[in-house]
Amino acid sequence: MQTKMNLIFVGPQGSGKGTQAKIISKELGLAHISTGDLLREAKGELKEKVDNYTNRGNLVPDNLILEILKKRLDGDDCKNGFILDGFPRNSEQAKALDKIMKVDKVIEIKISDKEALKRLSGRWICKKCGIAYNVLTSPKPKKDKICDSCNIPLYQREDDKPSPIKKRLKIYHEETEPVLEYYQDKIISINGERSIEEIQEEILKRLKNAN
Ligand code: AMP
């Protein structure tokens, strides 16, 4: 399989695209770039500005996220290809990306809104190791809201609370889904309502067959 690839992972919140992007990037030696993570790492004044949008479930302005992303794409680890997780979120961002990078394939992970709501409202994360648990479904932590490996309390993202979740799903359908049309000839659609392993295998198989 061609290993130097620029991939985009698209899917509603809770589809598992972050989990898959992490696994597949390791498997193929690609850099994993989550724009959500880049924003959560912001410090000081920038953090205050970013939190104003993200905590309510709104997108941050295109020029801001583009500036942050361009810097990240300059990283040495991106030279052998990358996976974008959470970008582009709208057609303007897709057009802007086209001007700076070639996109090889777009992996769409599909789940219903009902499933997305169930997964997100139970999502609790370990700040230290980054593992995401689900206290309603699985993987459940062994002790209530405590990380199995780090033994510290888990936290719930501000934007995984009910009102921002609904807003984020609405924005996904209204602004992000149209991006899929833009990438029509590059899309690999995957059913995301299966196990992590099954989805991972299918993504790798379909990428191999597409080459
Ligand atoms: P995520 O971790 O991908 O769910 O992203 C968390 C939040 O970060 C989103 O709800 C947005 O507020 C913001 N965000 C992430 N990526 C983008 C993007 N490409 N454009 C604008 N806002 C973004």
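Five strands make up an open sheet in the order β2-β3-β1-β4-β7, and the pairing is parallel (two strands pair if DSSP finds at least two bridges between them; strands are DSSP runs of E with at least two residues, helices runs of H or I with at least four, numbered from the N terminus). At the edges sit β2 and β7 (187-191), each pairing on one side only. From one strand to the next, the twist averages 20°. This is a predicted model, where local features need pLDDT of at least 70, side-chain atom pairs count only at pLDDT 80 or more, and totals for chains, interfaces and linings use all residues. Residues are numbered from 1 along each chain as its sequence is written, and side-chain values use heavy atoms, with hydrogens and water left out.

Inside the sheet, β1 and β3 pair in the parallel sense over 5 bridges. Ile8, for one, has Leu84 in β3 as its bridge partner. Helix α4 (residues 62-73) packs on the sheet and touches β2 and β3 (contact means heavy atoms within 4.5 Å). The direction of α4 makes about 170° with that of β2 (axes are lines fitted to C-alpha atoms, for helices over the stretch in contact, and angles run from 0 to 180 degrees between N-to-C directions).

Then there is helix α1 (residues 17-28), where Lys17, Gln20, Ala21, Ile24, Ser25 and Leu28 are buried (under 20% relative accessible area, 1.4 Å probe, protein chains only). Seen down the axis of α1, these buried residues fall within an arc of 130°, so they line one face of the helix (the arc is that of the directions from the helix axis to the C-beta atoms). Their cover includes β1 (5-10), β3 (81-85) and α8 (196-210).

Definitions and conventions:
Buried means under 20% relative accessible area, exposed over 50%, partly exposed in between (1.4 Å probe, protein chains only).
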